Amino acid sequence: MSSEHSHDHAGHSHGVSADADTGKLTIALALILGFMVLEVVAGAVAHSLALLSDAGHMLTDAAAIGLSLVAARLATRPAKGALTYGFKRVEILAAQANGVTLLILAVLIAYEAIRRLFNPPHVQAGLVLVVALVGVAVNLAASFTLARANRRSMNVEGSFQHILTDLYAFVATAIAAVIILLTGFERADPLVSLLVAALMVRAGYGLVKASGRVFLEAAPEGLDPERIGRALVREPGVVEVHDLHVWEVTSGFPALSAHVLVGRENDCHAARRGLERMLHDEFDLRHTTLQVDHVGGDLLDIELPEPRRLRS
């Protein structure tokens, strides 16, 4: 006898959370787009690479948030046809795209910053300082908005990392402007741009690595398959556990499947229900597929008939 069952506690709360996240992403997008226009104009007038690089980064921020909004909407669509999980992994694709964008932009900014280190242009530090301080305020507001969203979603986290990097960049740009005003050291502007590029690399690498783990179906952070396997084997009546797989469908949606053997005297269905409760209570695993069989179960023997002999 065998018992195979898929157990999923996913409810309507995911849709409510997605709607709230969409609202926060929209607010952040409006803040970023409004300030980006001001920064492009100011950067061109002040001949500041730091401001122009920040503006370029904010353009990618806007694109990242827009992509996140589209992904969040797609992820709420129900499973249909060949897409048995729906569009849930679109959020992971968006996060990976955000990470790659950060890495590419970091390389471009670093290249231009190195070039300007050898031939620094004149920078209108006063204008740079004013714009940078406004940028700090705008990015603080956007960061605060997204910090209250569901950052377990890799999609939301990707947009948050874009904006947080911009916040650091504006703080550094303001410091560079102060240095230029006080000392006249104009190479402070490209030096700050190199620091911003380093921050972009750090954030981008983190997003690419995290999204890559999901696509490679590695076990989610914090869920150790060996520990889960030992916990399953410790349950009453369980003799053996094999074909254990733990992966992440999308952010905050871990899944597990396993083949479990129980003693011949045990009830397969009761064992499965007990294992599901344990996985839910101890590991917060809500989507589990367990095939439970009796150890040494009877196998169906098929005997081939003897070949007929032709009569002469």
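Which residues have the most contacts inside the largest nonpolar core? In this predicted model, residues are numbered from 1 along each chain as its sequence is written, local features need pLDDT of at least 70, side-chain atom pairs count only at pLDDT 80 or more, and totals for chains, interfaces and linings use all residues. Side-chain values use heavy atoms, with hydrogens and water left out.

The largest nonpolar core has 23 residues, and I32, I65 and I163 are those with the most contacts inside it. A nonpolar core is here a set of buried Ala, Val, Leu, Ile, Met, Phe, Trp, Tyr and Cys residues joined through side-chain atoms within 4.5 Å. Buried denotes under 20% relative accessible area, exposed over 50%, and partly exposed in between, with a 1.4 Å probe and protein chains only. At least two residues of this core come from each of α1 (13-46), α2 (49-75), α4 (125-147) and α5 (154-183). Helix α1 gives the most, with seven residues. Helices (H or I, at least four residues) and strands (E, at least two) are DSSP runs, numbered from the N terminus. In soluble globular proteins, nonpolar side chains tend to be buried together. Leaving aside residues up to four places away in sequence, I163 touches A28, I32, D61, I65, N139, A142, S143 and L146, where contact means heavy atoms within 4.5 Å.

Helix α5 is mostly covered, as 22 of its 30 residues are buried. The expected span of a helix is 1.5 Å times one less than its number of residues. G184 follows α5 and has a positive phi, near 80 degrees. Helix α6 (residues 188-215) has 28 residues and reaches 41 Å from its first C-alpha to its last, close to the 40 Å expected. After α6 comes E217, with a positive phi near 55 degrees.

Most residues other than glycine have a negative phi, and most peptide bonds are trans. E217 is not a glycine, yet its phi is positive at about 55 degrees. This residue, E217, is found in the loop between α6 and α7 (225-234) and is partly exposed, with a relative accessible area of 46%. D243 is likewise not a glycine and has a positive phi of about 50 degrees. D243 is found in strand β2 and is exposed, at a relative accessible area of 51%.

Strand β3 (residues 253-262) is largely enclosed by the rest of the structure, because ten of its ten residues are buried. In a regular strand the side chains alternate between the two faces of the sheet. From β3, F253, A255, S257, H259 and L261 point one way, P254, L256, A258, V260 and V262 point the other way, and all are buried.

Two strands are taken to pair if DSSP finds at least two bridges between them. Strand β2 (residues 238-250) pairs with β3 in the antiparallel sense over nine bridges, and V238 has V262 of β3 as its bridge partner. The two strands β2 and β3 form a hairpin with two residues between them, and G252 in the turn has a positive phi of about 75 degrees. Strand β3 also pairs with β4 (residues 287-294), in the parallel sense over eight bridges. Between these strands, A258 stands opposite L290 in β4, and the bridge partner of V262 in β4 is H294.

Together, β3, helix α8 (residues 268-283) and β4 make a right-handed β-α-β unit. A crossover is right-handed if, with the strands pointing away from the viewer, the path from the first strand over the helix to the second runs clockwise. Strand β4 is mostly covered, with six of its eight residues buried. H294, in strand β4, counts as buried at 16% relative accessibility. The H294 side chain reaches the backbone oxygen of N266 at 2.7 Å.

F87 is found in the loop between α2 and α3 (90-118) and is partly exposed, with a relative accessible area of 27%. F87 and R77 are ten residues apart in sequence and 6.5 Å apart in space, C-alpha to C-alpha. Residues up to four places away in sequence not being counted, F87 touches L74, A75 and R77.

Conventions:
Polar contact = N/O pair within 3.5 Å; in protein donor to acceptor, adjacent residues only side chain to side chain.
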